[in-house]
Amino acid sequence: MIKEKSKIWQYISTQIGLVFSKLPFPPNFYTWLTLPFALLGMLAMKRETIGLAILLFVISGLLDLIDGAVARQLNKTSGKGAFLDGSLDRFVDCMLLFSYFQLPIQTLWLTLGQWLFMTLFFAIMPSFLVAYANHRRAVDDPNEVIIWRILNRGEMYVWMLSIPIVSQY
């Protein structure tokens, strides 16, 4: 929700778009590039190089910011690009969440599996609900005012990255 409401975020996104649109890569290049970085992050987590894993997942997240900013800057936004972006976002999210099982996490009150289930539900389900409602044209809500989610993907991604960071302490 921050990115839709923050003028600072809109300014940052515009600046990112200006810088990266000068490179010879189309927006979908950055979208696809999120996957190898997330995969390498997951593998780094498996090798217990958690700092490297966090860095690789951060790069994947930054590439996700870049693709949309470049598409907007080049006036190349499209439904297909948004679909590709959202689909690959789910794969990146899955790799990050799957990597939790490699962490030495001590859990309170619930098992790691139960915490993971709740994280998955709150991270992914709202996105599916919005996409489903839009696909079915159940609600005319292009600005997602009626169909809302607690956090947008970017905000949820930061939340999901906090788990491996906190696990180090």
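**Chat about a predicted helical chain**

Me: Let's start with K76: buried or exposed?
Reply: K76 is exposed, with a relative accessible area of 52%. Exposed means over 50% relative accessible area, buried means under 20%, and partly exposed is in between, using a 1.4 Å probe and protein chains only. The areas come from the Shrake-Rupley method with a 1.4 Å probe, and for residues only the protein chains shown count as cover.

Me: What kind of model is it, and how are the residues numbered?
Reply: This is a predicted model, in which local features need pLDDT of at least 70 and side-chain atom pairs count only at pLDDT 80 or more, while totals for chains, interfaces and linings use all residues. Residues are numbered from 1 along each chain as its sequence is written, and side-chain values use heavy atoms, with hydrogens and water left out.

Me: OK. Where does K76 sit?
Reply: K76 is in the loop between helix 4 (50-73) and helix 5. Its C-alpha is 8.9 Å from that of P26, and the two residues are 50 apart in sequence.

Me: Switching to charges. How many salt bridges does the structure hold?
Reply: It holds 1. D93 pairs with R90, and their closest N and O atoms are 3.1 Å apart. A salt bridge here is a side-chain nitrogen of Lys or Arg within 4 Å of a carboxyl oxygen of Asp or Glu.

Me: Where do D93 and R90 lie?
Reply: Both are in helix 5 (residues 79-99), 3 residues apart, which is about one turn of the helix.

Me: Is that D93 buried or exposed?
Reply: D93 is buried, with a relative accessible area of 1%. R90 counts as buried as well, at 16% relative accessibility.

Me: New topic: what volume does the second largest pocket have?
Reply: About 560 Å³. Of the 21 residues that line it, the closest to its centre are I105, W115, T119, W159 and I163. On a 1 Å grid over the protein atoms alone, a pocket is an open set of points where a 1.4 Å probe fits, with protein on both sides within 12 Å along at least five of seven lines; lining residues have an atom within 4 Å of a point. Grid points are joined across faces, edges and corners, and the volume is the space filled by probe spheres set on the points.

Me: Which element gives the most to that lining?
Reply: Helix 6, with 7 residues. The elements that give two or more residues are helix 6 (112-135) and helix 7 (153-167).

Me: And what is the lining like by class?
Reply: It has 17 nonpolar, 4 polar and no charged residues. Ala, Val, Leu, Ile, Met, Phe, Trp, Tyr, Cys and Pro count as nonpolar, Asp, Glu, Lys and Arg as charged, and the others, Gly among them, as polar.

Me: Which residues form a nonpolar patch on the surface?
Reply: L108, W109, W115, F117, M118, F121, F122, M125, F128 and L129, with about 1100 Å² of accessible area together. Patch residues have over 30% relative accessible area and no salt bridge; nonpolar side chains (Val, Leu, Ile, Met, Phe, Trp, Tyr) are joined within 5 Å, like charges within 9 Å.

Me: Where does F121 lie?
Reply: F121 is in helix 6, and it is partly exposed at 41%. F128 is also found in helix 6, partly exposed at 45%.

Terms used
Helices (H or I, at least four residues) and strands (E, at least two) are DSSP runs, numbered from the N terminus.
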